[in-house]
Amino acid sequence: MIVVMKKGASPEQVDHMKAKIQSLGLKALVIVGQERTVIAAIGDDRHTHRESLESGAGVDEVVPILAPYKIASTEVKPEPTVVRVGSLTVGNGRVGVIAGPCSVESEEQIVSTARFVKAAGATGLRGGAFKPRTSPYSFQGLKEAGLKMLAAARQETGLAVVTEVLAAEDLDLVCEYADVLQVGARNMQNYRLLEAVGGVRHPVLLKRGPSATIDELLLAAEYILNGGNENVLLCERGIRTFESHTRFTLPLASVSYLHLKTHLPVVVDPSHGTGHTALVPDMAAASVAAGADGIIVEVHPDPETARSDGYQSLNFEQFETMMDRCRRIAEAVGKEL
Ligand code: PEP
Ligand code: MN
């Protein structure tokens, strides 16, 4: 439920209602808006009588939150959330560009990529050190050594590092090196991991599971928000359909739909979304045109020799061309890349 305070309600009245909500066993989230303050009462409110809150001093009205996700919903917070960490800003008219290899392979590889993508306009560096691979025989990532290489690349370029945390037990280690924690598609419904990243301050890039509905994605985000971490980036990275010409099917309507339903910024991954280098620039451009707040793109110095996802990675020249195009599209839709 949302307790809407009257215009000019006093801070004491807001505090009183907050305490009242908490005494009902619900979490109280105070959102101070330009016009008025609202308090979201989050939790199982089936047995809470609306009238008991409606009679509070300074209360204008009490309205139910209709969406199954609560804190993530625009019903609770209409203003878009902007995620800022180091060099990376996602939202508020800024399209964040996170670029880099699928996996960190060597210091030379990640540092040279970081230098190049930064010069071309990227504001974040991606690179997996812990890799979720379909086959246990595929390259699993350099783990802590890879995290150290990412830190070296950040030191060189100042780019914010986005890297995956595969399991809750790795969280402390990954937090030492990462600026943004990626929760991968395969882990979107790993609720213990979601709770764990909800308890830290690092922003989280939450990727959509290939078979997850948008409501399931938003409910996964809700776990992180409910843990107290407000900085969640949602990532559309394609879903599984009957279509086999592309690795996944990339539904760009999710961008517009998510913007209606949630204040969280939306990032698109055209690399996993298509699975083909040749299709990535078009889908990156389309994502920016559709209003995405960010894109995450795989870039490798020599995709042919990449240890993972080379077939969907751009080389430096292709990335530069893609950036020129995306920059012009961003301007055309009133944004900055
Ligand atoms: C990745 O970003 O390299 C990755 C493994 O992505 P996803 O979890 O979307 O498959
Ligand atoms: Mn990949």
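Modeller: Helix H7 passes helix H8 in a right-handed crossing (the near helix is turned clockwise from the far one by less than a right angle). This is a predicted model, where local features need pLDDT of at least 70, side-chain atom pairs count only at pLDDT 80 or more, and totals for chains, interfaces and linings use all residues. Residues are numbered from 1 along each chain as written, chains are lettered from A and ligands numbered from 1 in written order, and side-chain values use heavy atoms, without hydrogens or water.

H7 covers residues 214-226 and H8 covers 253-261; their axes come within 12 Å and cross at roughly 50 degrees. On the H7 side, Ile 214, Leu 217 and Leu 218 make the contact, and Ser 254, Tyr 257, Leu 258 and Lys 261 meet them from H8 (heavy atoms within 4.5 Å). Sorted by type, the contact has 5 nonpolar residues, 1 polar and 1 charged.

Now on to helix H10, residues 280-289, whose buried residues are Val 280, Pro 281, Ala 284, Ala 285, Ser 287 and Val 288 (under 20% relative accessible area, 1.4 Å probe). They span an arc of only 155 degrees around the axis, so they sit on the same side of H10. Strand E14 (294-298) and helix H11 (316-332) are among the elements covering them. In the loop between E14 and H11 you'll find Asp 309, with a positive phi near 55 degrees. Asp 309 is buried too, at 8% relative accessible area.

Definitions and conventions: Axes fitted to C-alpha atoms, helices over the stretch in contact; angles between N-to-C directions. Helix = DSSP H or I, 4+ residues; strand = E, 2+ residues; numbered from the N terminus. Nonpolar A, V, L, I, M, F, W, Y, C, P; charged D, E, K, R; others polar. Buried < 20%, exposed > 50% of the residue type's maximum accessible area, 1.4 Å probe, protein only. Arc of directions from axis to C-beta.
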